[in-house]
Amino acid sequence: MQAMSVQQPWAFAIARGGKSVSNQSLPTAYRGPLLIHASMRVDLKACDSPLIQAAGWDPRDPLATIGAIIAVADLTDVCSAGGRACECGPWSEPGLHHWHLADVRALPRPIVALGRPGLWEPKATLVAEVTAMFTATAALDNAT
């Protein structure tokens, strides 16, 4: 499993708002589960973006936090169209690599963690904590 740090409010849009493309400066050969980490930086100009507003941006939401794992997604594909037109949707930015995210699962609550630029490998204890959180939530859902 890998992780990537994303500035808020973009991380929130992935976790809650259906943002299925992450714009990156480099491609990756990695495919598979990806922890979404809300970095310590906030893109303040993006908070007023119509896309972010449509995604339900709410700074009071627990997943609007910074410095924490807030979701898990599957990295399924990377579009490297460069400056050419592509069909990656409204979240894609021209000239960047579009990392396609699917099956996004927001965590019930954030897990504080240090991130880093680019793809990074989370510690086994962090992965275990995320897994345990999803398992506990599923058990509660099945009990009701």
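What share of the contacts in the protein with a separation of 6 or more is accounted for by residues 24 or more positions apart? In this predicted model, such residues account for 84% of those contacts, where contact means heavy atoms within 4.5 Å. Residues are numbered from 1 along each chain as its sequence is written, and side-chain values use heavy atoms, with hydrogens and water left out. Because the model is predicted, local features need pLDDT of at least 70 and side-chain atom pairs count only at pLDDT 80 or more, while totals for chains, interfaces and linings use all residues.

The protein contains 3 helices and 6 strands, and from the N terminus on these elements follow the order β-α-β-β-α-β-β-β-α; helices (H or I, at least four residues) and strands (E, at least two) are DSSP runs, numbered from the N terminus. Along its principal axes, the C-alpha trace spans about 50 × 35 × 30 Å. The radius of gyration, taken over C-alpha atoms, is 15 Å, which agrees with the value near 15 Å that a compact globule of 144 residues would have; the globule rule behind this is 2.2 Å times the number of residues to the power 0.38.

Of the 144 residues, 42% are buried, a term that means under 20% relative accessible area, with exposed meaning over 50% and partly exposed in between (1.4 Å probe, protein chains only). The accessible surface of the protein comes to about 7,800 Å², and 57% of it belongs to carbon and sulfur atoms; accessible areas come from the Shrake-Rupley method with a 1.4 Å probe, and for residues only the protein chains shown count as cover.

Strand pairing can be followed through strand 5 (residues 97–112), to which strand 2 (residues 21–24) is joined by 4 bridges in an antiparallel arrangement, two strands being paired if DSSP finds at least two bridges between them. Within this pairing, Asn23 has His98 of strand 5 as its bridge partner. Strand 4 (residues 68–79) also runs antiparallel to strand 5, with 9 bridges between them, and Leu75 stands opposite Leu101 in strand 5.

Ala68, which is found in strand 4, has a relative accessible area of 2% and therefore counts as buried. Leaving out residues up to four places away in sequence, Ala68 touches Ile36, His37, Ala38, Pro110, Ile111, Val112 and Ala113; Ala38 is 30 residues away in sequence, yet the C-alpha atoms of Ala68 and Ala38 are 5.4 Å apart.

Gln2 in strand 1 (residues 2–8) is likewise buried, with a relative accessible area of 17%. Its contacts, neighbours within four places in sequence aside, include Tyr30, Leu35, Leu119 and Trp120.

Turning to the surface, Met40 lies in strand 3 (residues 32–42) and counts as exposed because its relative accessibility is 60%. Together with Val42, Leu44 and Ile66, Met40 makes a nonpolar surface patch of about 400 Å². Patches are made of residues with over 30% relative accessible area and no salt bridge, like charges being joined within 9 Å and nonpolar side chains (Val, Leu, Ile, Met, Phe, Trp, Tyr) within 5 Å; a salt bridge is a side-chain nitrogen of Lys or Arg within 4 Å of a carboxyl oxygen of Asp or Glu.

Finally, Ala136 belongs to helix 3 (residues 124–143) and, at 42% relative accessibility, counts as partly exposed. Ala136 and Gly89 are 47 residues apart along the chain, and 35 Å separates their C-alpha atoms.
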